[in-house]
Each structure stands twice: as C-alpha cells, then as structure tokens.
Amino acid sequence: MMSQNRQFPSNTQEMRAAVYRGPGEISVETVPVPDILDGEILVRVRACGVCGTDLKKIEQALVPPPRIFGHEVAGVVAAVGAAVKGYKVGDRVATHHHIPCRECFYCARKLFSQCEFYRRTGTTAGFEPAGGGFAEYIRVMDWIVAGGTVPIPDNVSFEEASFLEPLNTCLKALETASLEPGEVVVVYGQGPVGLLMMQAARAQGARVLGLDFLEARLETARELGAEAALDPARDDVVRAVAGMTDGRGADLAIVAAASPEAVADAQRIVRRGGRVLLFAQTVPGELIPVDASSICMEEKRLIGSYSASVELQEKAAQMIFERRINVARLISHRFPLERLEEGIRLASHPSASSLKIVIQP
C-alpha cells in the first residue's frame, strides 16, 4: 500500500530512471515511482556514487536486464509507510542495499556477505531489485529501513554520505586482513576505492604506500596521507618497500585494481608470512597467477574480502561524519541522470583528472 504521506505532489506518479537494457546499454526512461508497503520508505535520491561492481554488471552483462543500478545512495525521505517508526518525511538518510539475517551459519561466523538473505537487494527503483540509485526515487524495503538506513547529520552533504557503503567495504577488508598498527601496507590502485582504503588503513595506524599509473592520483594519495605514492612503471617499488621494512617486504598488499599482473606482483612484494588481499577481483571465472610455493614454503596468505559488514555501519558513518576520512576530496565529477552514460564511460576509462563519479538524479 502506498503511503499518502508524501513530500512531492500527489499527481507525481512517474519519474526518470536509467534502465539497464543489455550489455553496455543504459536508457534514461520514464518509469513509475515505486509503491511502498507499510514498513517501507520512499527516498528522493540526491546523490548516488558510480561503483565498479555496477560498471562490471553493465559492461560485461553479468546479470539479465532490465534493472536500475546504483547502490551508494543518499537522499531525503519522501514518503513513509503506515508502520514505519523512527523516520519521517524530510529526513536526510543514506541507505545500504544489503543486510544479513544475523542468524544463519555464515552470519554466526561473521561472513555476512555469504548469507543467503544478505544477497537479497533491499532497495529498488523498479524491475528486479538492483539498488535503484540511478533514478529519482527508490523504495527502501522494511529490513533495510530497520537495519540499513542511516540518518545524515545536517552538516554532512549527500555526496559525502553516499560513501558510507564503499567505506564500509574497505573497513571490512582491513578487518579481514587483520591489519595491525604500524604495519606497512601497499595498496595497488589509487582510484576512489584505493584512496578510501589508503585513508582507512592510515586511520588505523598503518604506514601506506600507494601505487598507480596516473600521476594525478599519486599526487592525491600523497595529499591524503600516503607515506609514499609510486608509479610501478617508473619507480623502484621493491626498493621503496624494502626501505620501509628493513628489507623484509610489506606486511599486507591490497589489490584494489582489476589487474592479474597486480595480483602476481603483490604476492612477490609481501614478506614471508605476509598477506595479499584481493578486493577488485569480482568477475566470475577470472583466473590469476599464483606461486603456490610462496603460500606453502613462505607461509604467505592469499585472502579475499567482498562487500560490507553490518557490524561496521556505525564505524563507517562516524569516520565520514567526523571527517576522519576525506571523502569529499575524492569526488571529481558530478552528472545529472540524463548524462549517466557519460559518467559510466568516464568511470570505466578514467582520465588524468577523474576520480569518483557521483550522479545527482
């Protein structure tokens, strides 16, 4: 049942949305504003970040169309269901799109992203739920209202709040990697996620070296606190890491770039007993080179981390709201919904000046 408690005119039954219609094909169309049930809210989207996982789904046809993507969402509550408590029209909120059941085999082991219930997407703008942030309005389902909706302070912008979910994924990765203060961490890729990861590792007391091929991104990494930022095609990374570790090698290498070569290099650059964490390897069937002897004889660990942790929602929010992580600096381009395709092209093929792309429906 659609609540009548709306912030928009009662005759507004349609909205604009970017609909995925097939491999590499996005069409900005007029679609119905989604109805909400009694325990749900409708959010007017004010900012939605373009995420690499959405890019892969769009470009490589990893899921069938039609869908409306976009899950890094912040906006204003536009309508509330009759049973909703704690939220009202006009509230500023950010939403997660997955929340685990907290009761199953995987949740008991804090493997929340492997929970079957977690895999249900709880925000949608229509069609098969896929986030929905590339639209004017999203329907937020009851379990997301209850456990995955975060109020935004007045002094925090919608753009900043849209980083809650991606920062959470970085914090989860560092927790999975058992990061300790004082450790030397190499982050492969200094795009938006790599720069988030670098800042998060620094905030937890690590010494961080960032790697990228774009000088502008290396300059940003230095500005945001990387102890060193190098171009592996030009600089002697092995020597730099050795100088930071008395010749041992890095304690942890994080591969935040979809590059098999980076994975192979990361395995070489960590010390004996060090860890390599894969963060950007999300395409099914993708194969990477592995030196099995380094895992066995040198006791190096190869691990992975995917998606967010419900237990880190509050930590991620406070780090952004208190500006302990500078997310505003990562935004390079803003596009209206009608120019989403341009934003996707730029995110997929970054320029020297591009970082995070934010859509403002």
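A residue counts as buried under 20% relative accessible area, as exposed over 50%, and as partly exposed in between, with a 1.4 Å probe and protein chains only.

The model is predicted: local features need pLDDT of at least 70, side-chain atom pairs count only at pLDDT 80 or more, and totals for chains, interfaces and linings use all residues. Residues are numbered from 1 along each chain as its sequence is written, and side-chain values use heavy atoms, with hydrogens and water left out.

The average pLDDT (the predictor's confidence in each residue, from 0 to 100) is 94 for the protein, and 97% of the residues score at least 70. Over residues 7-11 the pLDDT is below 50, and this stretch has 9 contacts in the model beyond near neighbours in sequence. Contact here means heavy atoms within 4.5 Å.

Rings of Phe, Tyr and Trp (its six-membered ring) pair if their centres lie within 6.5 Å; planes under 30 degrees apart are stacked, over 60 edge-to-face, and the rest tilted. The count is 3 aromatic pairs. One of them joins Tyr-20 and Phe-69, whose centres are 5.4 Å apart with planes at 50°, so the pair is tilted. Tyr-20 belongs to strand β1 (residues 14-22), while Phe-69 is in the loop between α1 (52-60) and β4 (72-80), 49 residues apart. Helices (H or I, at least four residues) and strands (E, at least two) are DSSP runs, numbered from the N terminus.

Two arginines lie over aromatic rings. The criterion is NZ of Lys or CZ of Arg within 6 Å of the ring centre and within 35 degrees of the ring normal.

| Charged residue | Ring | Distance to ring centre |
|---|---|---|
| Arg-44 | Tyr-137 | 5.5 Å |
| Arg-92 | Phe-158 | 4.4 Å |

Tyr-137 is also among the residues that Gly-132 touches, as are Ile-68, Phe-69 and Gly-70, not counting residues up to four places away in sequence. Gly-132 lies in the loop between β6 (123-124) and β7 (137-140) and is buried at 0% relative accessibility. Its C-alpha atom is separated by 9.4 Å from that of Glu-72, 60 residues apart along the chain.

With a disulfide taken as a pair of cysteine sulfur atoms within 2.5 Å, the count is 0. The cysteine sulfur closest to that of Cys-107 is in Cys-104, at 3.7 Å, too far for a bond. For Cys-115 the closest is in Cys-101, at 3.7 Å, again too far for a bond. Cys-107 is buried at 6% relative accessibility, and Cys-115 is buried at 1%.
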